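Let's take a friendly walk through a protein model. Have the sequence and the 3D view open as you read.

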Amino acid sequence: MDIAVVDSPVGRLGVVDEGGSITRLIWHATPQGNLTPVLAEAQAQLGAYFEGRLTRFDLPTRVHGSDFQRAVCDAMSAIPYGETLTYGDIAKMTGNSAQAVGNACGGNPIPIIIPCHRVMGAGGKLVGFSGSGGVETKVQLLRLEGAAGLLI
């Protein structure tokens, strides 16, 4: 397992490469192993995202988990930059309950790159975030994307 770090406005982020795919994003990480081509590209894309120059990540990702977990991660990845969906919206797409979708979002192993911060509760209510800092980090990411009108 190789880990590269990116210092960002939401903290030091570690991107994990396993077998040529990004499998996790973790806070407060330290570099480990080699800087693989996938990790170098992840660093570049995360830097561009936080500078407002990138609106869609194009990285190989692999989510360990059930077919449902992967379906929810795919649905989150399809949410455009600066926009949001609710757990209920994704529940309709996947044929599951909003609560199940919320649990899957909370288990997202690659936050930011798989943008679980773009998923809101019913009526646009701010609810949890799987990364460090919880809802405050979610708000910071949504503001970065220009979705702050939803939060004021």
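## Aromatic rings

Rings of Phe, Tyr and Trp (its six-membered ring) pair if their centres lie within 6.5 Å; planes under 30 degrees apart count as stacked, over 60 as edge-to-face and the rest as tilted. With that in hand, the structure turns out to hold four aromatic pairs. Take Tyr49 and Phe57: their ring centres sit 5.3 Å apart with the planes at 40°, so this pair is tilted. Tyr49 and Tyr81 have ring centres 6.2 Å apart and planes at 85°, so they make an edge-to-face pair. This second pair ties together distant parts of the chain, 32 residues apart: Tyr49 is in helix α1 (residues 37-50), while Tyr81 is in the loop between α2 (67-77) and β4 (85-86). Ring pairs join Tyr49, Phe50, Phe57 and Tyr81 into a cluster.

How hidden are these rings? Buried means under 20% relative accessible area, exposed means over 50%, and partly exposed is in between (1.4 Å probe, protein chains only). Tyr49 has a relative accessible area of 0%, so it is buried. Phe57 is at 15%, so it counts as buried too. Tyr81, at 22%, is partly exposed.

## Where the model comes from

This is a predicted model, in which local features need pLDDT of at least 70 and side-chain atom pairs count only at pLDDT 80 or more, while totals for chains, interfaces and linings use all residues. Residues are numbered from 1 along each chain as its sequence is written, and side-chain values use heavy atoms, with hydrogens and water left out.

## The whole chain

Helices (H or I, at least four residues) and strands (E, at least two) are DSSP runs, numbered from the N terminus. The protein chain has five helices and five strands, and along the sequence they follow the pattern β-β-β-α-α-β-α-α-β-α. Its radius of gyration (taken over C-alpha atoms) is compared with a globule rule, 2.2 Å times the number of residues to the power 0.38. The chain's value is 15 Å, close to the 15 Å that the rule gives for 152 residues, so the chain is as compact as a globular protein of that length.

The C-alpha trace spans about 45 × 35 × 25 Å along its principal axes. Of the 152 residues, 45% are buried.

Which way does α3 lie against α4: roughly parallel or roughly perpendicular? Axes are lines fitted to C-alpha atoms, for helices over the stretch in contact, and angles run from 0 to 180 degrees between N-to-C directions. Helix α3 (residues 87-94) packs against helix α4 (residues 98-106) at an angle of about 105°, with the axes 8 Å apart. That makes α3 roughly perpendicular to α4. On this scale, under 35 degrees is roughly parallel, over 145 roughly antiparallel, 65 to 115 roughly perpendicular and the rest oblique.

Contact means heavy atoms within 4.5 Å. From α3, Tyr87, Gly88, Ile90, Ala91 and Thr94 meet Ala98, Val101, Gly102 and Cys105 from α4.

## One outside, one inside

Lys92 lies in helix α3 and, at 72% relative accessibility, counts as exposed. Between Lys92 and Ile3 there are 36 Å in space, C-alpha to C-alpha, and the two are 89 residues apart in sequence.

His117 is in the loop between α4 and β5 (119-120), and its relative accessible area of 0% makes it buried. Not counting residues up to four places away in sequence, His117 touches Tyr49, Ile112, Phe129, Lys138, Leu141, Leu142 and Glu145.
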